[in-house]
Amino acid sequence: MNKPRRKAIASIMEKMEELYSELESVQGEEQEALDSIPENLIGSERYEAMETAISTLEDALSYLEQAKDSLEEILS
């Protein structure tokens, strides 16, 4: 792989790291909101939607990390 394409991949990886950080922050905020939900809402539709959102964000973080790892292999 030539230098310009390697540089493009490195730039993409930096953006991916920024996105990862932003997603991680959103996931953490949602987890905090879930952890502080009133007892009477535990098990409610809202509670379950929050749990689903957290799980989906965790999946997205995992996929993003896997993609970044794959790109790192190209650069090594």
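In which helix is Lys68 found? Lys68 is found in helix H2, where helices (H or I, at least four residues) and strands (E, at least two) are DSSP runs numbered from the N terminus. The structure is a predicted model, in which local features need pLDDT of at least 70 and side-chain atom pairs count only at pLDDT 80 or more, while totals for chains, interfaces and linings use all residues. Residues are numbered from 1 along each chain as its sequence is written, and side-chain values use heavy atoms, with hydrogens and water left out.

The protein contains two helices and zero strands. Its radius of gyration is 17 Å, well over the 11 Å that the globule rule gives for 76 residues, so the protein is more spread out than a compact globule. The radius of gyration is taken over C-alpha atoms, and the globule rule is 2.2 Å times the number of residues to the power 0.38. Along the principal axes, the C-alpha trace spans about 60 × 15 × 15 Å. Of the 76 residues, 20% count as buried; buried means under 20% relative accessible area, exposed over 50%, and partly exposed in between (1.4 Å probe, protein chains only).

Helix H1 covers residues 3-35, which is 33 residues. From its first C-alpha to its last, H1 reaches 47 Å, close to the 48 Å expected at 1.5 Å a residue; the expected span is 1.5 Å times one less than the number of residues. At the N-terminal end, H1 is capped by Asn2, with a side-chain oxygen 3.0 Å from the backbone nitrogen of Arg5. The buried residues of H1 are Ile9, Met13, Met16, Gln27 and Leu34, and these pack against helix H2 (45-75). By contrast, Glu32, also found in H1, counts as exposed because its relative accessibility is 58%. The C-alpha atoms of Glu32 and Ser76 are separated by 38 Å, the two residues being 44 residues apart along the chain.

Leaving aside residues up to four places away in sequence, Lys68 touches Met13, Met16 and Glu17, a contact being defined by heavy atoms within 4.5 Å. Across the protein, residues 24 or more positions apart account for 73% of the contacts with a separation of 6 or more.

Terms used: Polar contact = N/O pair within 3.5 Å; in protein donor to acceptor, adjacent residues only side chain to side chain.
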